[in-house]
Amino acid sequence: MSLDPARLAPMANAIRALSMDAVQAANSGHPGMPMGMADVATVLFSQFLKFDPAAPKWPDRDRFVLSAGHGSMLIYSLLHLTGYDKPTMDDIRNFRQLHSVCAGHPENAELPGVECTTGPLGQGLAMAVGMAIAERHLNARFGNDLVDHKTWVIAGDGCLMEGINHEAVGLAGTFKLGGLNVLWDDNNITIDGDTSLSTCEDVLARYQASGWHTTSCDGHDFADIARALAEAEADPRPSLVACKTVIGKGAPNKQGSHNVHGSPLGADEVAATRAALGWTAAPFEVPAEILADWRSLGARGDAARAAWEARLAASSAKAEFEAGQQGLAGRAIPAIEAYIDELLANPQKVATRKASEMALGPLTEQLPQLVGGSADLTGSNLTKTKATTTFSAADYAGRHIHYGIREFGMAAAMNGMALHGGVVPYGGTFLVFADYCRNAIRMSALQHAQVVYVLTHDSIGLGEDGPTHQPVEHVMTLRAIPNLLVFRPADVIETAECWALALEAEGMPSALALSRQNLPQLRTQGGMLSAKGGYRLKAADGARQVVLVATGSEVEVAMATAAALEADGIGADVVSMPCTELFDAQDAAYRSDVLPAGVLKVSIEAGITLGWQKYVGDGLTIGIDSFGASAPADQLYKYFGLTAEAIVPQIKAKLGL
């Protein structure tokens, strides 16, 4: 399509009209950004973006990420205008209403064509970095014939101010991700007012210092936009294009003001905007000739997709490529089954972080989709295996990523990698630093992204580093996130099982909380018992009076406590509960068998006790409801009362003995 303004301007105005009408009808939303970036988006979709609305999951499509997710009517308008099945015009009329696919912020689970859920500013751009990493990695494996696409991002001032932006930009520059192009809506406006209220940085200089190519354009001049985007597309570095725009462009009395950022224009201003744009169509109507121009862009992608499908059909790598695209969810993991058999024959006393590394050995050997990494703690998290070489600008085929001290950036990038497809990412840091990346973990869960978080040094058991590094509340707060599997394995067998369960999980991320200290192998049988979430590890020798429920390193403590109770004639079960979410998913009969009524139930976990009441009722909750301390691990367990010697008297007192 030509850059004739007479043709492109009405197409851009269709975005403006739909955006202001939808926000007005909902009496809620953000019209300013879609109206301001309508010209840039029109050039991007008409001249550069490779996509096919008839095949929204085509693996070699360009990825388009609306990082400034508050301006969601921009992507909803684009998807409708270019011919995606959804959203329909009725969907757009119901913008921001209950059960509408046009949610307040774009959600990947609601609409094909929305590559990732955005709204928390900065994370869309950071996820796009992960998508670009995945593209380069798969390109290195399968070549240009099967993998050769770009990642385009529209981001606002807020996305560039957020701290995660610095992390993401540093990663992209280091890895020379030339397929990543960020279009900055440079309108000098935030919610509070002019950007000068809160920032004075030279954004382009910052990006240049991080190894990016930068350029600028008039965001309302179609030819200048096309020039800048072509320059970005051709440069081997990641690119930032500063698109100088007017927020709310077209609204004669409100454009250029922060008042148009997050509020409806109002009936009078909508009418004035229609007049200023020469837009005579009724609300939620697009003139046939303008719609036809938009739909022609969507149809154009059919030929590119067909050519790609022909290359795939002729490729010797077809089966491997398609297997990677299908992911691992729902598939059995034979590598783990054989490995567990070896452990049963040759028991191991190791830290569960080491057990994780051991399990990853056969997994990474047999599953090329697995791409690991660490936030500068590789030697502590033990995420690198013999089968995984280092990913770098010199070797995109590598499968271990050194993210640097960028926990939040790592987590968001892994979300982007998972959503891109073809890879299953896992990444490590200390559990206490899960707080640095918490919102990205939440976004993993919200987006149904299969990401595995390897979170080591999971309790006071890490010892001398003290309370700054000792997690106390972290495991339980992670359990509070919906659609997240939180595993805290007790030994080498459970760790292997938890890895298998994490990789088999459909539409769910997982977090593995792993110990620094060595733990004995308590399991002497296989059977994937961890799949139940919680199971009876030891049955009472005599009449059951107590059920001890523990996780991770405290299962060993529970076993010692049970032995002491049994020596005094008190029958005690031990229940290992590596994953409360999976236990909660079992039927009532199973749960009541494992945690029967009428007996004292006691939880033991080296963390806060909040939440364990759900399982033990009015029983005992043994844990740590304060910060930790700096000392060797064995001294800390004694100090905080996490020993059989300290727990047995409390149980006897509760039993009235």
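In the predicted model, the largest pocket has a volume of about 590 Å³, and its lining is made up of 26 residues, among which Gln-325, Ala-418, Leu-419, His-420 and Gly-421 lie nearest the centre. At least two residues of this lining are supplied by helix 13 (318–326), and at least two by helix 17 (407–420). By class, the lining of the largest pocket comprises twelve polar, ten nonpolar and four charged residues.

The second largest pocket has a volume of about 330 Å³ and is lined by 15 residues, with Glu-556, Val-557, Asp-634, Tyr-637 and Leu-642 lying nearest its centre. Two or more lining residues are given to this pocket by each of strand 15 (518–519), helix 21 (554–567), helix 25 (633–639) and helix 26 (644–655); of the contributions to the lining, that of helix 25, at four residues, is the largest share. Seven nonpolar residues occur in the lining of the second largest pocket, together with four polar and four charged ones.

When neighbours within four places in sequence are left aside, Asp-293 is in contact with Met-1, Arg-7 and Met-11.

Methods. Residues are numbered from 1 along each chain as its sequence is written. This is a predicted model: local features need pLDDT of at least 70, side-chain atom pairs count only at pLDDT 80 or more; totals for chains, interfaces and linings use all residues. Side-chain values use heavy atoms; hydrogens and water are left out. On a 1 Å grid over the protein atoms alone, a cavity is a set of points where a 1.4 Å probe fits but cannot get out, and a pocket is an open set with protein on both sides within 12 Å along at least five of seven lines; lining residues have an atom within 4 Å of a point. Grid points are joined across faces, edges and corners, and a volume is the space filled by probe spheres set on the points. Ala, Val, Leu, Ile, Met, Phe, Trp, Tyr, Cys and Pro count as nonpolar, Asp, Glu, Lys and Arg as charged, and the others, Gly among them, as polar. Contact means heavy atoms within 4.5 Å.
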